[in-house]
Amino acid sequence: MIKVDVVSDNTGYKSIKFTGHALFDEYGKDIVCAAVSVLALNTFNSIELFCEDNFKSYEDPEKGILAIEFVDDLSDGAKLLMDSLMLGLTDISEQYGSTYLVIRKRQEV
């Protein structure tokens with residue numbers, strides 16, 4: 001199962017971390033894992049290329065870890081990209097179920 005931990009506060013997104021593997025199918029055929037990976041990587045690459053937001057990132061593909069932590073409040077463009085990522089992840093979770101993808105949100109004060 002892929003777990004997505006999203007942390008936000010009253011100003012918006014602070015971090016997002018992906019852990020695990022979907023295990024929907026065997027390696028190379030796992031459409032859930034592929035979809036989540038493409039959404040996440042494209043979002044992070046888009047924020048880096050099209051926005052001037054500062055962030056720290058970490059990845060360990062073998063352990064199934066991908067994380068990004070935003071240093072400052074997000075620009076409008078980065079917020080839109082993150083909202084789009086969350087829309088896609090929610091759609092995948094609703095279509096394939098929590099056996100393969102769980103989204104956990106935490107609001108900091």
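Modeller: Ser46 is buried, at 10% relative accessible area. Buried means under 20%, exposed means over 50%, and partly exposed is the range in between, with a 1.4 Å probe and protein chains only. Residues count from 1 along each chain as its sequence is written, and side-chain values use heavy atoms, without hydrogens or water. The model is predicted, so local features need pLDDT of at least 70 and side-chain atom pairs pLDDT 80 or more, while totals for chains, interfaces and linings use all residues.

Ser46 belongs to helix α1. Helices (H or I, at least four residues) and strands (E, at least two) are DSSP runs, numbered from the N terminus. Which residues does Ser46 contact, leaving aside its neighbours within four places in sequence? They are Cys51 and Leu81. Contact here means heavy atoms within 4.5 Å.

How do the two helices lie? Two packed helices are described by the angle between their axes and the distance between the axes. The axes of α1 and α2 come within 9 Å and cross at roughly 175°. That makes α1 roughly antiparallel to α2. Axes are lines fitted to C-alpha atoms, for helices over the stretch in contact, with angles from 0 to 180 degrees between N-to-C directions. Under 35 degrees counts as roughly parallel, over 145 as roughly antiparallel, 65 to 115 as roughly perpendicular, and the rest as oblique.

At 18% relative accessibility, Ser93 counts as buried. Ser93 touches Ser98, Leu101 and Ile103, not counting residues up to four places away in sequence.

Now the sheet. α1 lies across β1 (2-9), β2, β3, β4 and β5, and runs at about 30° to β4. α2 lies across β1, β2, β4 and β5, and runs at about 40° to β2. The sheet is open, with five strands in the order β3-β4-β2-β1-β5 and mixed pairing. Its edge strands are β3 and β5, each pairing on one side only. Neighbouring strands are turned by 15° against each other on average, direction ignored. Two strands pair if DSSP finds at least two bridges between them.

Take β4. Five of its six residues are buried, so the rest of the structure largely encloses β4. β4 pairs with β2 in the antiparallel sense over five bridges. Here Ile16 has Ile68 as its bridge partner, and Phe18 has Leu66. β4 also pairs with β3, again antiparallel, over six bridges. The hairpin of β3 and β4 has four residues between the strands, and Gly64 takes a positive phi near 70° there.

Last, the rings. Rings of Phe, Tyr and Trp (its six-membered ring) pair if their centres lie within 6.5 Å; planes under 30 degrees apart are stacked, over 60 edge-to-face, and the rest tilted. By this rule the count is four aromatic pairs. The Phe24 and Tyr100 rings have centres 5.0 Å apart and planes at 80°, so this pair is edge-to-face. It links parts of the chain 76 residues apart: Phe24 in the loop between β2 (12-19) and α1 (31-50), Tyr100 in the loop between α2 (76-96) and β5 (101-107). Phe55 and Phe70 have ring centres 6.5 Å apart and planes at 75°, so they too are edge-to-face. Phe55 is in β3 (residues 55-60) and Phe70 in β4 (residues 65-70), 15 residues apart. Phe55 stands opposite Phe70 in β4. Phe55 is partly exposed at 22%, whereas Phe70 is buried at 4%. Phe24 is partly exposed, at 32%. Ring pairs also join Phe24, Tyr96 and Tyr100 into a cluster.
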